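Me: I would like to learn how to read contacts, domains and cores in a model. Could we go through one together?

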Amino acid sequence: MARHRLVSKTKTLVLAPVVFLSVFFVVPVANALLRFFRFSAFSDALSNQSLRGVAWFSLWQAIISTLVTLAIGLPATWALSRFTFPGSRLARGILTAPFVLPAVVVAAGVLAITDSRGVIPILWAHVVFNVSVVLRIVGPRWSMVNLRLENAAATLGARPSRTFTLVVWPQISDAVISAATLIFIYCFTSFGVIAILGGVSRRTLESEIFTQAVRLGNTTTATALAVLQAMIIGVVFFITRRSSRPNSTSLHVSAPQALRTKPSHRTTPLIITAAAIVIVASPLLATIYRSLVVNSQLSLSAWRSIFSGSLPALSVSPQSVITTSLMFAITAACICVPLALLVVTTSAPRALFSLPLAISAATLGIGLIITFNTSPYAWRSERWFIPVIHAVIALPLVIRALEPAASAIPHSLRNASATLGASPFATWRRVELPLLKPALLRATGLSMAISLGEFGATSFLSRSGSTTLPIAIAQLLGRPGVATQQAGFALAALMVLVTVGVMSRA
Amino acid sequence: MLKVSKLSVVIDNTVIVDDISFTVSTGETLAITGPSGIGKTTLLHAICGIVRTTHGTVNIDNVDISSLPTHKRGIGLVSQTGDLFPTMTVSQNIEFGLRISRIPKADRTARVNELLQLVGLTHLAHRNVAELSGGEARRIALARALAPRPRVLLLDEPLAGLDQTTHDVLISDLARVLKQTATTAVLVTHDLSEADFLAETTFALPHK
């Protein structure tokens with residue numbers, strides 16, 4: 001039986017998210033490619049030694065970041081999926097939280113510790129972010145691997161390492177490959193981290209697209225680089241999809257397995273988890289420390305300046321930056337969450353709404369600045385335009401956050417409502433909407449967190465009157481001077497506290 | 001009077017209900033019996049419009065309602081699981097159909113109290129539905145379906161899965177409620193003794 005949808009009498013409602021995504025995403029990206037992509041520029045970019053170097057750096061740093069993240073994330077995932085110990089819930093919370101933190105904040109945290117820029121700080125920042133991807137994707141699968149199969153292997157004489165490679169790995173490999181693919185793409189298209197930690201010598205394709213399009217005004221080269229980036233992402237998707245085809249062994253999963261709690265089992269998982277927490281949480285704590293301490297002296301001057309003073313390095317007051325970011329986050333949530341709700345409760349095509357995940361923020365940025373540049377659509381400098389684009393970027397993730405709750409509503413409840421005289425719209429409003437309320441709150445928190453942290457596309461659109469927190473942090477940390485740097489760390493610390501606050505309430 | 005004529009349902013090229021016809025007189029109960037998987041529930045869903053019919057018609061009091069959507073047919077349904085709305089209290093569940101019909105608040109309250117009394121659960125009016133026992137949930141589902149005074153009530157195995165004691169109490173109560181409200185009802189069950197106890201007429205669904 002086809003799933004009931006709100007579609008019957010409300011086709012115009014279904015069209016709203018499709019039109020929104022088409023206008024603010026599909027049209028600008030297609031416009032950029034059609035107007036500015038030239039094969040000659042593409043081959044010029046490939047033959048340019050400097051740009052080849054940028055592409056090569058993007059690739060190898062993403063591969064190393066992925067491998068290091070897996071090396072730290074997989075043992076931690078094993079520890080938290082297989083064992084329970086005092087504080088294990090808190091540990092899981094700490095390790096998964098950075099996923100919604102802005103890239104520039106994580107980068108600021110690493111800078112607060114290392115006080116230097118370059119490859120190692122870049123890799124560290126990527127690890128901080130992406131350990132949560134491993135935990136979120138591999139954790140649920142690993143916790144369902146049937147313990148009886150491992151016991152059977154042991155009774156047949158397999159050492160723990162052989163049991164892992166022959167019994168456990170075939171059951172978790174798809175999830176590990178999925179996580180690795182996502183991590184690679186996040187690191188390959190890294191922009192916020194590179195803006196803070198790349199210095200003058202380390203650039204990714206994503207940051208180079210920004211430089212070419214905005215600083216040098218060379219849209220043709222920027223588009224060629226965007227196509228090159230999309231092609232590499234496409235190849236990675238193709239390779240990983242082929243190698244993660246489900247096989248029969250993947251079906252040996254079962255219900256979540258009981259966690260081991262015996263004291264003798266706890267030591268190794270405890271040490272592994274503690275090490276992961278130090279790597280992930282220390283940069284976040286360091287932002288708070290650096291915002292409070294100057295030359296080994298406790299000082300609240302940075303906090304005072306961001307709440308009541310002004311900073312010469314910023315063209316607007318820090319208070320106005322904070323207000324702007326919060327207004328943008330609220331506006332983006334007001335646009336994004338209702339649209340996501342329409343998508344998950346109607347027959348709107350799902351695949352279309354995954355598109356923003358496959359296209360990098362800088363590619364979207366180029367499309368936006370060239371498409372919305374001429375009257376009557378000269379919206380690129382309008383204040384309202386930034387939260388609209390934040391809503392576009394948050395939409396696929398917010399849909400994914402709402403989808404499980406929407407599909408969990410039993411079909412029989414809708415039938416019961418219909419037999420009591422409720423139209424599809426009345427059923428949606430009175431039965432489905434109340435059931436979705438907790439998920440809607442979480443989705444609102446997620447949307448706000450994404451908007452607060454968005455850096456890539458905002459960099460293309462931000463003007464002095466619409467400077468957001470991540471843009472201000474990048475500007476402050478990019479300038480010399482102890483007071484300026486400390487104010488940057490104070491804004492980063494504020495974002496850590498606000499993001500954690502928003503997400504823990506949602 | 002409910003009249004079902006030559007009703008067929010085909011889903012994904014499989015015939016689920018094949019050319020079924022029967023009539024239920026006003027105020028009477030018809031029991032439809034047959035083993036599991038024979039299409040009893042699909043037949044009920046086709047009558048109330050949840051499942052689209054391939055052939056045939058459904059008439060109530062000589063009016064063809066086959067083309068109407070479920071919410072305009074005036075047919076109530078009590079399913080095997082009760083399907084109470086989890087975000088509403090017991091009273092709010094019973095009140096749901098009355099609110100949809102825009103019945104004034106005072107009348108709604110009176111009707112909810114009347115039905116709570118009918119099923120003997122006035123003390124549970126403000127209870128969260130998650131706290132109800134299996135038997136209580138079935139009674140509330142029955143009260144909710146009866147509240148908007150449906151022209152026909154469909155009962156899909158309303159006593160399935162209950163322990164013997166609850167089953168015995170509930171079957172007497174169900175018979176009493178159906179008689180007291182003079183509801184035209186179609187009961188689906190695989191239990192022949194249940195059919196004999198509750199219905200004036202029994203219709204055995206033919207094997208496919």
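Reply: Start with the ground rules. This is a predicted model, where local features need pLDDT of at least 70, side-chain atom pairs count only at pLDDT 80 or more, and totals for chains, interfaces and linings use all residues. Residues are numbered from 1 along each chain as its sequence is written, while chains are lettered from A and ligands numbered from 1 in the order in which they are written.

Me: How many residues of chain B are in contact with chain A?

Reply: A contact means two C-beta atoms, placed from the backbone, within 7 Å. By that rule, 20 residues of chain B meet 15 residues of chain A. Strand E6 (75-78) and helix H2 (90-100) of chain B each give at least two residues to this side. Helices (H or I, at least four residues) and strands (E, at least two) are DSSP runs, numbered from the N terminus. By class, this side of chain B has 10 nonpolar, 8 polar and 2 charged residues. Here Ala, Val, Leu, Ile, Met, Phe, Trp, Tyr, Cys and Pro are nonpolar, Asp, Glu, Lys and Arg charged, and the others, Gly among them, polar.

Me: Into which domains is chain A divided?

Reply: Domain bounds come from an automatic or database domain assignment. Chain A splits into domain 1 (1-36 + 300-506) and domain 2 (37-249 + 264-297). Their centres, over C-alpha atoms, are 23 Å apart.

Me: Which residues have the most contacts inside the largest nonpolar core?

Reply: In soluble globular proteins, nonpolar side chains tend to be buried together. A core joins buried Ala, Val, Leu, Ile, Met, Phe, Trp, Tyr and Cys residues through C-beta atoms within 7 Å. Buried means 20 or more other C-beta atoms within 10 Å of the residue's own, with C-beta atoms placed from the backbone. The largest core has 146 residues, and A:Ala340 and A:Val398 have the most contacts inside it. Both domains of chain A supply at least three residues each to this core. Apart from it lies another core of 64 residues, including B:Cys48 and B:Leu142.

Conventions:
A residue is buried if 20 or more other C-beta atoms lie within 10 Å of its own, exposed if 12 or fewer, and partly exposed in between; C-beta atoms are placed from the backbone.
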